[in-house]
Amino acid sequence: SSAPLKVAVTGAAGQIGYSLLFRLASGALAADRPIELRLLEIEPALKALEGVVMELDDCAFPQLAGVEIGSDPEKIFDGVNLALLVGARPRGPGMERSDLLSANGAIFTAQGKALNAVAADDVRIGVTGNPANTNALIAKSNAPDIPAERFSALTRLDHNRAISQLAAKTGAPVTDITHMTIWGNHSATQYPDLFHAEVGGRNAAEVVGDQEWIESTFIPTVAKRGAAIIEARGSSSAASAASATIDAARDWLFGSAEGDWVSMAVVSDGSYGVPEGLVSSFPVTTSNGDWEIVQGLEIDDFSRARIDASTAELAEERDAVTELGLI
Ligand code: NDP
């Protein structure tokens with residue numbers, strides 16, 4: 001169809017936004033369809049956002065059908081087909097976890113309500129801003145008229161990082177790595193699973209043949225990659241987070257690769273013992289804007305313990321935001 005895809009991005013003047021907007025406008029999401037950007041920022045960041053829009057104009061992107069900016073979610077989310085919720089309140093010095101949850105609670109309750117009121121009937125909502133899983137849970141709980149399965153949180157960056165680490169270890173090209181899974185929370189407790197992943201069609205854990213490397217190198221390297229990038233670059237990963245945000249949205253809207261799956265944090269139906277209602281990462285296949293959790297994978301004790309630890313953390317976050325009255 002040639003009607004523009006209306007895509008909202010929040011926190012559009014931030015670091016991730018600075019990479020994300022140009023990729024979206026240049027066709028990385030929907031190659032053959034015009035795109036209209038609806039950019040949300042807090043009032044003090046609107047001037048900087050105007051500068052970013054000037055740069056978007058200066059690219060003369062053929063696919064960019066329009067750009068609107070503002071600080072009122074009810075205006076910006078009006079009629080959007082896709083909302084990428086990137087802006088979130090970072091943890092400041094001396095900030096307790098409950099402060100972080102309430103600051104983000106205020107943002108994601110308001111955005112959930114606004115999406116509920118004005119988004120298009122076919123809206124899909126992807127949350128990148130941290131704590132992403134729980135922010136998605138809050139937005140979902142404040143949008144009673146939007147089906148719960150339209151909300152997801154980003155674990156695709158962790159998924160891509162896991163593919164890249166496995167490719168480097170085995171010498172295989174990234175295109176040979178399939179069936180990667182991130183389970184649980186987008187946090188240090190996440191579980192990148194090599195027991196179902198494949199390298200050139202062979203079981204990844206067997207190809208690696210080194211349980212010690214999986215436990216002591218692979219899992220922590222993937223889970224702590226964000227901190228390693230801050231250490232090296234002097235600021236957090238932004239281009240890779242933007243790239244993963246696009247990978248996730250593109251596969252969600254247009255389908256995951258035949259014969260493979262992707263990782264997405266979606267509302268649990270109780271699959272794999274993940275408590276129902278938590279927004280937790282699973283292996284999913286996607287087609288036509290819908291996702292389905294891959295069923296029937298065997299989970300051994302090693303994987304079980306790690307999935308349980310990460311989903312226990314999600315349950316604690318849910319309890320905390322329930323107590324704060326945010327859901
Ligand atoms: P970034 O653009 O770098 O990051 C935005 C969010 O993405 C953060 O919550 C960050 O989490 C998260 N994130 C998820 N995955 C990653 C990853 N792999 N690497 C880095 N970050 C990741 O933050 P900036 O501070 O540059 O920009 C945020 C913008 O959001 C600001 O312009 C601010 O004004 C805006 N904002 C807008 C709101 C709105 O539209 N209503 C509300 C709140 C903020 P983490 O903090 O854990 O790094």
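This passage describes a strand and its pairing partners, and then the surroundings of the ligand, in a predicted model.

Strand 13 spans residues 279-287. Seven of its nine residues are buried, that is, under 20% relative accessible area, so strand 13 is largely enclosed by the rest of the structure. Strand 13 pairs with strand 12 (residues 262-267) in the antiparallel sense, over six bridges. Within this pairing, serine 263 has proline 283 of strand 13 as its bridge partner. Strand 13 also pairs with strand 14 (residues 290-293), again in the antiparallel sense, through four bridges. Strands 13 and 14 form a hairpin in which two residues lie between the strands. Asparagine 288, in the turn, has a positive phi of about 50°.

In glutamate 41, an N or O atom of the side chain is 2.6 Å from an oxygen atom of the ligand. In asparagine 130, a polar side-chain atom lies 2.9 Å from a ligand oxygen atom. For serine 237, the distance is 2.7 Å, between an N or O atom of the side chain and a nitrogen atom of the ligand. On its own the ligand has 900 Å² of accessible area, and the protein covers 78% of this.

Notes. Residues are numbered from 1 along each chain as its sequence is written. This is a predicted model: local features need pLDDT of at least 70, side-chain atom pairs count only at pLDDT 80 or more; totals for chains, interfaces and linings use all residues. Side-chain values use heavy atoms; hydrogens and water are left out. Buried means under 20% relative accessible area, exposed over 50%, partly exposed in between (1.4 Å probe, protein chains only). Two strands pair if DSSP finds at least two bridges between them. A polar contact is a pair of N or O atoms within 3.5 Å; within protein, one must be able to donate a hydrogen and the other to accept it, and residues adjacent in sequence count only if both atoms are side-chain atoms. Accessible areas come from the Shrake-Rupley method with a 1.4 Å probe; for residues, only the protein chains shown count as cover.
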